[in-house]
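Please open the model in a viewer and keep the selection tool at hand. The stops below proceed from aromatic rings to a helix and then to charged pairs.

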Amino acid sequence: MKVIVGNEEKISALIAEEFIKVVNKKENAVLGLATGTSPLKVYADLAKANKEGRVSFKKVTTFNLDEYVGLEGTHNQSYRYFMNENLFNHIDIDKKNTNVLLGVGDYKKFMNEYDGLIAKAGGIDIQILGIGSDGHIAFNEPGTAFDSLTHETELTEQTIRDNSRLFNDISEVPTRAVTMGLKSIMNARKIVLIATGKNKAKAVYGLIKGPISEDMPCSILQKHPDCTVYVDEEAYSLVK
Ligand code: GLP
């Protein structure tokens, strides 16, 4: 596991360059994408590079990590909405090649097909991850099996509290989600994780230094052959 420390602007730019490298090498690359505030600057940098003609997403396929159960893709807190607003609407991607798990309707069917669809597309070439303050990646909460594939899960109180900042009221935060599993994530050829701020310091310690344990889901990344962790000084403070 490689660790790179820098301010948010710098680490976001470095991650965007990693994505650009992958896509410029393989125009039909498969990208694994994440939501949350952490990847926002990366997505802005990718949109800028696309406008400048430094990269094209025309042949790219994407798979997102997760979605809240109960939210329509048009809900402003759904992850489909987030991806459209923060990336897909600003790049030359064909939206029918963008996959985000469903949270309503026949969402279980799509969930059960998801790992097969990723494999059929050729597997994820580069996966971006954020991290929850409890060490979750995607919505794989503490206790999730390391060999898990895409599944439905219950969110912890801490995650509901953390994510309530984006909703009008904590009572509006869904309590369940569908998420790629830890094995689905580990299958990606290359992983980049971004974490900033003091709130992430404990999780980042578990990620880099902690024992590999299902109590700290992100710790499995220590076993990935090509994983780079991008952190700011605050998120890195306990490791230092
Ligand atoms: C949610 C998402 C995760 C994300 C985490 C951190 O729980 N399911 O994929 O990593 O939030 O979000 P943020 O980057 O906003 O701190």
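Rings of Phe, Tyr and Trp (its six-membered ring) are taken to pair if their centres lie within 6.5 Å; planes under 30 degrees apart count as stacked, over 60 as edge-to-face and the rest as tilted. By this criterion the structure holds six aromatic pairs.

This is a predicted model, in which local features need pLDDT of at least 70 and side-chain atom pairs count only at pLDDT 80 or more, while totals for chains, interfaces and linings use all residues. Residues are numbered from 1 along each chain as its sequence is written, and side-chain values use heavy atoms, with hydrogens and water left out.

**Aromatic rings**

Select Y68 and Y79. Their rings form a tilted pair, 4.9 Å centre to centre with 45° between the planes. Y68 lies in strand β4 (residues 66-68) and Y79 in helix α3 (residues 79-86), so the pair ties together parts that are eleven residues apart in sequence. Helices (H or I, at least four residues) and strands (E, at least two) are DSSP runs, numbered from the N terminus. Both Y68 and Y79 are buried; the term buried means under 20% relative accessible area, exposed means over 50%, and partly exposed lies in between (1.4 Å probe, protein chains only).

Next, select F110 and Y114. The ring centres of F110 and Y114 are 5.4 Å apart and their planes stand at 80°, so this pair is edge-to-face. F110 and Y114 are four residues apart in helix α4, a separation of about one helical turn. F110 is buried at 16% relative accessible area, and Y114 is buried at 0%.

**T35**

T35 is buried, with a relative accessible area of 11%. Leaving aside residues up to four places away in sequence, T35 touches N64, D66, Y79, F82 and M83, where contact means heavy atoms within 4.5 Å.

**Helix α1**

Select residues 8-25. This helix, α1, has 18 residues and reaches 26 Å from its first C-alpha to its last, close to the 26 Å expected at 1.5 Å a residue; the expected span is 1.5 Å times one less than the number of residues. Which residues of α1 are buried? They are I11, S12, I15, A16, E18, F19, I20, V22 and V23. The elements covering them include β1 (2-5), β2 (30-33), α2 (40-51), β6 (126-129), β9 (191-195) and β10 (227-231).

**Salt bridges**

A salt bridge is a side-chain nitrogen of Lys or Arg within 4 Å of a carboxyl oxygen of Asp or Glu. The structure holds 15 salt bridges.

Select E8 and K41, whose closest N and O atoms are 3.8 Å apart in a salt bridge. E8 lies in helix α1 and K41 in helix α2, so the pair ties together parts that are 33 residues apart in sequence. E8 is partly exposed at 27% relative accessible area, as is K41 at 36%.

Move to K59 and E27, a salt bridge with its closest N and O atoms 3.5 Å apart. K59 is in the loop between α2 and β3 (61-64) and E27 in the loop between α1 and β2, 32 residues apart. Both K59 and E27 are exposed.

Finally, select R176 and E152, which form a salt bridge with the closest N and O atoms 2.9 Å apart. R176 lies in strand β8 (residues 176-179) and E152 in strand β7 (residues 151-154), so the pair ties together parts that are 24 residues apart in sequence. R176 is partly exposed at 32%, whereas E152 is buried at 19%.
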